[in-house]
Amino acid sequence: MKLIETPSWQALAAHAAAMQPQHLRQLFAADPDRFRHFSIRHDGLLLDFSKQRVNAETLRLLHAVAQAADIDGWKQKMLAGETINHTEKRAVRHMALRAGEQAPAEVKAVLERMQRFCESVHSGQKRGFSGERITDVVNIGIGGSDLGPRMATEALAAHQQPNIAVHFIANVDGADIAPLLARLNPRTTLFIVASKTFTTQETLTNAQTARTWLLAASGKESSIAEHFVAISTNLELTQAFGIAPDNVFEFWNWVGGRFSLWSAIGLSLALAIGWQQFAKLLAGAHAMDQHFINAPASNNLPLTLALLSLWNIDFLGASTAAMLPYSQSLALLPAYLQQLEMESNGKQTDRDGDPLKLASCPILWGEAGTNGQHSFYQLLHQGGRIIPCDFIALREADFPLPGHHVALLANCLAQSAALAFGQTADEVQAAGVPEALAPYKVFPGNQPSTTLVMPALTPYTLGQLLALYEHKVFCLGVLWNINSFDQWGVELGKQLATQLTPLLEGEADTTAFDSSTQGLIAALRH
């Protein structure tokens, strides 16, 4: 029986019909202690979901749906290493990457190699072909091999190592790599090529450009081994490139790209912040893993986020969601979560191969506050769409300057309150607004939001935060009965791009393609 056919789902649907007309103003008026009733505190984190359009009965029914979907059973399957990524016949074991003393031996071995490598760079033992210290590291990857370490490196700027700068190249557009290489010194630059198969087109194109640039300066093939490391499983291709086997760091097919920050993919981050800080990131994620596995449903942070998302999408009709971190250091978090959520759950076929009969992953987007307030918040307030929002606030600033952090937090709290409660026509009139302007000053409110308060932005709390959203994605995949760990929608475009490359170079017949593609090829050929 599909979940939407179960009595628990049907009961929740009936309840949603009764809840639809209710406004957050009414919900708060009915329960003056609503904040305490609809918030969770755990390990320094505070999740306030009192501004979601739910009551106690909503939560009871949502938990019944989670039980019917067997969330706990699927957790155990993942922990047991079952092939829950059934289309690729793979286990899903990213939690093993940050399990500390309980981590598998092969994980510990790679982490130990990463630690030694980081310490050799930071100490100056690792040097370039001219004998000079490494001052710059360039991570060449794309998708999960780029977004995770790039986002985390920016997020943890306040914790970065002195005398070393870490850069990221992902786009195959030459405008990404050329300006960076123009600023760098080949004698002091280290490249990390992150590609599991060492065949990713964008990554290898950029890597070959970097290789040519380095050889132009060194004049000797042996310099490749001194300035390039790889994160890959393909030792044959990495060796053909010129990378020494000792400088190839392994990761495994049970680690999906968007869940791989905790693996050797995090080497660039570890170089940026130092090994001890990277270990704290792993510890924060592991602590969230233990919470997710062991906490009861009523106090489970990832499950709560997932159930609220399910409620907003499948019962209140939201088709998009905004991620709004009030931290410039977390400016890349919305982009990171776009991949995590939309690549995982942006699917319309369930685990049985049947079409989904309900809405699944929303379109996720966002911007760091306060910047977003001056672009898209107008639509949030008066655009007529339901757009659930996740606000993230830091109690302590990572870059404290007088007056800045208080102003930032005031804006965060003001926006969540304004979205929830709006401004009525009576309130506008009482404020003395001219009658002709009054309709423009009314804000309907009733926009659902959640606010996550973190004590500070540290490697440990960032680990907590990212693992929190990973587990939210897992729970939603179970609730929608989809495989969150494959990404077949990414593959077709890659295949077509491979076919089109020689056509754009004028080396093959274009008639196999549609007239639009043929016309565009003709227009773009030199």
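**Helix packing, backbone geometry and overall dimensions**

Student: This is a predicted model. At what angle do the axes of helix α4 and helix α14 cross?

Tutor: In this predicted model, the axes of helix α4 (residues 56-69) and helix α14 (residues 301-314) cross at roughly 100° and come within 10 Å. Helix α4 is therefore roughly perpendicular to α14, since angles of 65 to 115 degrees fall in that class.

Student: Which residues make the contact?

Tutor: From α4, the contact is made by Thr-58, Leu-62, His-63, Val-65 and Ala-66. From α14, Leu-303, Leu-307, Leu-310 and Trp-311 take part.

Student: How many of them are nonpolar, polar or charged?

Tutor: The contact of α4 with α14 has 7 nonpolar and 2 polar residues, and no charged residues.

Student: Where is Met-19, and is it buried or exposed?

Tutor: Met-19 belongs to helix α1 (residues 7-19). Met-19 counts as buried because its relative accessibility is 4%, and the cut-off for buried is under 20%.

Student: What is Met-19 in contact with, leaving aside its neighbours within four places in sequence?

Tutor: Met-19 is then in contact with Leu-27, Arg-53, Val-54, Asn-55, Thr-58 and Trp-311.

Student: How far apart are Met-19 and Phe-191?

Tutor: Their C-alpha atoms are 55 Å apart in space, and the two residues are 172 residues apart in sequence.

Student: Turning to the backbone, which residues does the cis peptide bond join?

Tutor: The cis bond joins Gly-369 and Thr-370, with omega about 15°. Thr-370 is in the loop between β9 (363-366) and α16 (377-382). In general, most peptide bonds are trans.

Student: What is phi for Lys-89, and for Asn-163?

Tutor: Lys-89 has a phi near 55°, a positive value in a residue other than glycine. For Asn-163, phi is near 65°, again a positive value in a residue other than glycine. Most residues other than glycine have a negative phi.

Student: Where do these two residues lie?

Tutor: Lys-89 is in the loop between α5 (71-79) and α6 (105-123). Asn-163 is in the loop between α7 (147-155) and β4 (165-169).

Student: Why does Lys-89 count as exposed, and Asn-163 too?

Tutor: Lys-89 counts as exposed because its relative accessible area is 69%, and exposed means over 50%. Asn-163 is exposed as well, with a relative accessible area of 69%.

Student: Now the whole chain. How many helices and strands are there?

Tutor: The chain has 21 helices and 11 strands. Its radius of gyration is 25 Å, close to the 24 Å that the globule rule gives for 526 residues, so the chain is as compact as a globular protein of that length.

Student: What box do the C-alpha atoms fill?

Tutor: Along the principal axes, the box is roughly 75 × 60 × 55 Å. Within the chain, Asp-33 and Glu-507 are 71 Å apart, C-alpha to C-alpha, and 474 residues apart in sequence. Asp-33 lies in the loop between α2 (24-30) and α3 (34-37), and counts as partly exposed at 31% relative accessibility.

Student: What percentage of the residues is buried?

Tutor: Buried residues make up 52% of the 526 residues. The chain exposes about 22600 Å², of which carbon and sulfur atoms supply 54%.

Student: What share of the contacts with a separation of 6 or more comes from residues 24 or more positions apart?

Tutor: Such residues account for 74% of those contacts in the chain.

Technical notes:
Residues are numbered from 1 along each chain as its sequence is written. This is a predicted model: local features need pLDDT of at least 70, side-chain atom pairs count only at pLDDT 80 or more; totals for chains, interfaces and linings use all residues. Side-chain values use heavy atoms; hydrogens and water are left out. Axes are lines fitted to C-alpha atoms, for helices over the stretch in contact, and angles run from 0 to 180 degrees between N-to-C directions. Helices (H or I, at least four residues) and strands (E, at least two) are DSSP runs, numbered from the N terminus. Angles under 35 degrees count as roughly parallel, over 145 as roughly antiparallel, 65 to 115 as roughly perpendicular and the rest as oblique. Contact means heavy atoms within 4.5 Å. Ala, Val, Leu, Ile, Met, Phe, Trp, Tyr, Cys and Pro count as nonpolar, Asp, Glu, Lys and Arg as charged, and the others, Gly among them, as polar. Buried means under 20% relative accessible area, exposed over 50%, partly exposed in between (1.4 Å probe, protein chains only). The radius of gyration is taken over C-alpha atoms; the globule rule is 2.2 Å times the number of residues to the power 0.38. Accessible areas come from the Shrake-Rupley method with a 1.4 Å probe; for residues, only the protein chains shown count as cover.
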